[in-house]
Amino acid sequence: MDASIERFLNIDILGTLKDIAAETGFTQLFQPVGVIPCGYLIMVIISCVLLYLAIVKKFEPLLLLPIAFGMLLTNLPGSEVYHPELFAGGHVNWGSFYETAGLIDYLYLGVKLGIYPPLIFMGVGAMTDFGPLIANPKSLLLGAAAQLGIFLTFIGAIALGFTPAQAGSIGIIGGADGPTAILVTSKLAPELLGPIAVAAYSYMALVPVIQPPIMKALTTKKERKIRMNQLRSVTQREKIIFAIVVTIAVILILPSAAPLIGMLMFGNLVKESGVTDRLSKTAQNELCNIVTIFLGISVGATATADTFLSLQTLYIIVLGVLAFCFGTAGGLLLAKLMNVLTGGKINPLIGSAGVSAVPMAARVSQSVGQKEDPGNFLLMHAMGPNVAGVIGSAVAAGVFLSLFL
């Protein structure tokens with residue numbers, strides 16, 4: 001008998017098949033992760049639920065879909081696309097990085113080094129019209145008041161046992177600004193990045209559900225019917241000067257806010273200058289879309305079973321929704337006060353748009369107002385506090401970074 005045939009016949013086929021099966025991801029899928037039974041399987045199910053919410057329910061799909069898919073990839077045993085140990089201790093372990101790094105490890109460097117969120121802010125700036133804020137500067141106060149949720153949640157998180165740095169990362173969810181939450185968390189509490197990102201973008205998608213009950217509870221029918229005077233026209237020169245002055249003033253006062261405010265105002269200046277249309281279109285479209293993909297997948301990959309399936313995640317989810325509620329209430333209450341001081345000239349509903357979910361929060365103000373008076377148009381008035389909220393959340397982020405970094 002030929003020697004090769006004899007060796008083949010002597011192979012323990014059943015044992016070999018068992019060995020092959022043991023090396024596949026299917027068997028590992030049902031293994032415990034730490035003390036969590038079937039941790040990988042649970043995370044795969046959660047990822048699929050988030051994909052369903054992004055695709056079918058359209059909950060912030062542009063970011064929730066990449067986040068959910070990144071979560072799916074990192075929790076499939078054996079994929080080796082992301083290695084948390086390379087980023088342990090809050091810094092990149094370059095010594096072993098190039099030997100073991102997977103695809104998402106390289107993409108995650110853009111998060112860890114603070115590159116992606118400012119680039120997205122540049123795109124946001126290129127898509128934002130600060131005209132309503134310039135026409136009604138009082139809107140800036142409403143944007144500031146809506147940051148109340150950030151600081152109240154910060155206090156609540158500390159009371160639950162989180163460190164100040166972690167509490168700041170959780171509180172920033174109340175700003176309703178995903179890139180800001182990701183930047184702050186990647187710097188202050190990278191171990192919480194997955195849960196905070198999922199909570200932030202999930203609640204941003206739920207703004208039309210979360211805000212209206214609070215708006216109706218804190219305002220009267222008469223207040224919701226208030227019609228505001230039409231805003232004046234804002235010139236191109238005013239918009240250009242605004243971008244430059246805000247950049248100088250905010251960064252001199254709070255240097256740690258420079259990456260976010262700087263890129264936000266640069267993107268806006270590129271748009272409003274009228275001489276860089278190609279750059280403006282690129283910032284709004286191609287660049288912003290590419291960065292969004294990389295940011296979503298890499299942030300989602302940090303949601304591993306051992307970090308996501310914990311009591312901390314439950315606390316973050318609860319605190320996140322409280323942050324949104326307090327932020328909405330803060331803007332509404334200040335708008336009510338301003339309405340009294342101005343003799344009934346301000347509709348308090350625009351105060352809820354102070355959270356920086358642009359332009360969704362402004363549209364919610366418009367929608368709730370029109371349910372009381374179909375002829376009332378609050379959208380442009382609400383856009384003032386809305387874009388002010390973008391600046392406010394960036395400033396709040398700068399405060400936390402300067403305090404705890």
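I checked the length of helix α5 (residues 61–74) first: at 1.5 Å a residue its 14 residues should span 20 Å, and the end C-alpha atoms lie 19 Å apart, so the two agree. The model is a predicted one.

Next I looked up which residues of α5 are buried. I noted L63, L64, P66, I67, A68, G70, M71, L72 and T74. I then asked what covers them; the cover includes α4 (39–55), α14 (193–205), α20 (286–301) and α21 (305–308).

I turned to the largest nonpolar core and found 112 residues in it. F130, I170, M265 and L295 have the most contacts inside this core. Helix α24 (residues 379–404) gives the most to the core, with 11 residues.

Setting aside neighbours within four places in sequence, I listed its contacts as L63, V111, Y116, I120, I182 and Y201. One of these, L63, is also among the buried residues of α5.

For background I wrote down that nonpolar side chains in soluble globular proteins tend to be buried together.

Helices α11 (148–159) and α22 (311–341) each supply at least two of the patch residues. The largest share, 5 residues, comes from α22.

Notes
Residues are numbered from 1 along each chain as its sequence is written. This is a predicted model: local features need pLDDT of at least 70, side-chain atom pairs count only at pLDDT 80 or more; totals for chains, interfaces and linings use all residues. Side-chain values use heavy atoms; hydrogens and water are left out. A nonpolar core is a set of buried Ala, Val, Leu, Ile, Met, Phe, Trp, Tyr and Cys residues joined through side-chain atoms within 4.5 Å. Buried means under 20% relative accessible area, exposed over 50%, partly exposed in between (1.4 Å probe, protein chains only). Helices (H or I, at least four residues) and strands (E, at least two) are DSSP runs, numbered from the N terminus. Contact means heavy atoms within 4.5 Å. The expected span of a helix is 1.5 Å times one less than its number of residues.
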